Amino acid sequence: MVYMLFDNPADKQNMTFLNSYETAKIRQVYPPQKCNYTTEMLAACKDMIKQSTEGDTIICWYDFMAVLCWWLCKVQFKNRKIIALNILLKDKATAKNKLAKFLYKPMLKSKKVQATVTSKKYGEHLNEMLGIHKRYTLLHDTYHGGYSIEYEGKVNPNTVFCGGRNGRDWEFLIRIAQAMPEVTFNCVMPKHKYEEYKENFGKNMVVKSDIPEQEFLEFMCQSQLVVTPLDTEAPAGLIAFYQAAANGKMSITSDTVTTQEYFADGRGALCGRNIEDWKNKIQYYLQNREEADVSAAKLKSFLESECSEEKYAKTLWGCLRNVGNPYI
């Protein structure tokens with residue numbers, strides 16, 4: 001059998017499209033509630049291994065669950081093939097990240113493991129970071145029509161938006177905002193980040209925390225540009241970039257091995273870790289709205305062609321063939 005293990009209940013995943021392709025043969029397994037903690041992920045992985053049998057393939061939607069499945073199989077002497085979807089391992093000097101690297105490295109080196117990445121260059125970065133020679137499959141996260149809210153309200157001039165959770169460099173964004181007092185920065189950040197930085201918010205920052213998705217998207221649509229400094233080379237912010245493109249907003253973000261995959265050829269603007277670089281690009285695209293609109297349209301076109309649900313399903317099916325699954 002081929003199983004696909006998720007970290008969210010079925011109604012949170014938007015993966016029903018898999019039932020329309022060869023991937024319909026994959027048995028999708030959903031937890032009763034979101035796996036927010038390692039203990040919950042571990043429980044789901046234990047159940048998955050118990051449910052599967054010798055030689056089965058387990059596709060893990062969340063890459064760390066693939067790590068847990070592999071280690072559980074190793075210590076229990078069980079034979080399962082594992083496919084880890086879109087690795088998210090960061091390169092940081094924290095104790096948590098060092099432990100993560102220790103766990104990921106042998107898993108990725110295993111011949112029983114296939115892994116995908118959202119960017120070819122990120123795969124190269126992963127190998128360099130871990131000192132391995134893994135061949136990855138390029139698999140973009142899916143782009144679908146549900147990201148657009150068909151916004152018809154007012155767009156406030158001289159405004160930029162930054163929101164989301166994973167990999168945002170809020171400290172650097174605040175420094176950019178301080179350097180641009182004439183621009184309003186509309187921000188949505190997690191509660192713990194709000195508490196950490198609230199004493200540093202300038203008068204030109206409108207900051208909200210943990211708001212519903214519809215309000216998040218409307219706040220984005222009221223702004224001219226999406227501006228997202230990142231603190232990692234790993235995939236981060238991609239869903240927000242998809243939402244921005246779907247709603248006609250140009251994105252300006254950090255130049256990383258992941259963002260280069262999406263924003264090349266004028267599909268957005270990439271910046272180094274230099275305040276002046278960010279300031280100049282933000283000012284330019286606020287003042288040149290037509291160019292910003294063209295850039296947003298280019299990214300949307302790229303997402304529609306390269307990140308379609310059909311392409312995702314076909315690539316995933318190819319991964320199963322490469323892992324030598326006898327069931328397909």
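1. A residue counts as buried at under 20% relative accessible area, exposed at over 50%, and partly exposed in between (1.4 Å probe, protein chains only). Helices (H or I, at least four residues) and strands (E, at least two) are DSSP runs, numbered from the N terminus.

2. The model is predicted: local features need pLDDT of at least 70, side-chain atom pairs count only at pLDDT 80 or more, and totals for chains, interfaces and linings use all residues. Residues are numbered from 1 along each chain as its sequence is written, and side-chain values use heavy atoms, with hydrogens and water left out.

3. Strand E5 (residues 113-117) is mostly covered, with five of its five residues buried. Val 113, Ala 115 and Val 117 point one way, while Gln 114 and Thr 116 point the other way. In a regular strand the side chains alternate between the two faces of the sheet.

4. Two strands pair if DSSP finds at least two bridges between them. Strand E4 (residues 81-84) pairs with E5 in the parallel sense over three bridges; Gln 114 of E5 is the bridge partner of Ile 83. E5 also pairs in the parallel sense with strand E6 (residues 137-138), over two bridges, and there Val 117 stands opposite Leu 138.

5. From E5 the chain crosses through helix H4 (residues 120-130) to E6, in a right-handed β-α-β crossover. Right-handed means that, with the strands pointing away from the viewer, the path from the first strand over the helix to the second runs clockwise. E4, helix H3 (residues 95-109) and E5 also make a right-handed β-α-β unit.

6. In helix H7 (residues 213-221), the buried residues are Phe 216, Leu 217, Phe 219, Met 220 and Cys 221.
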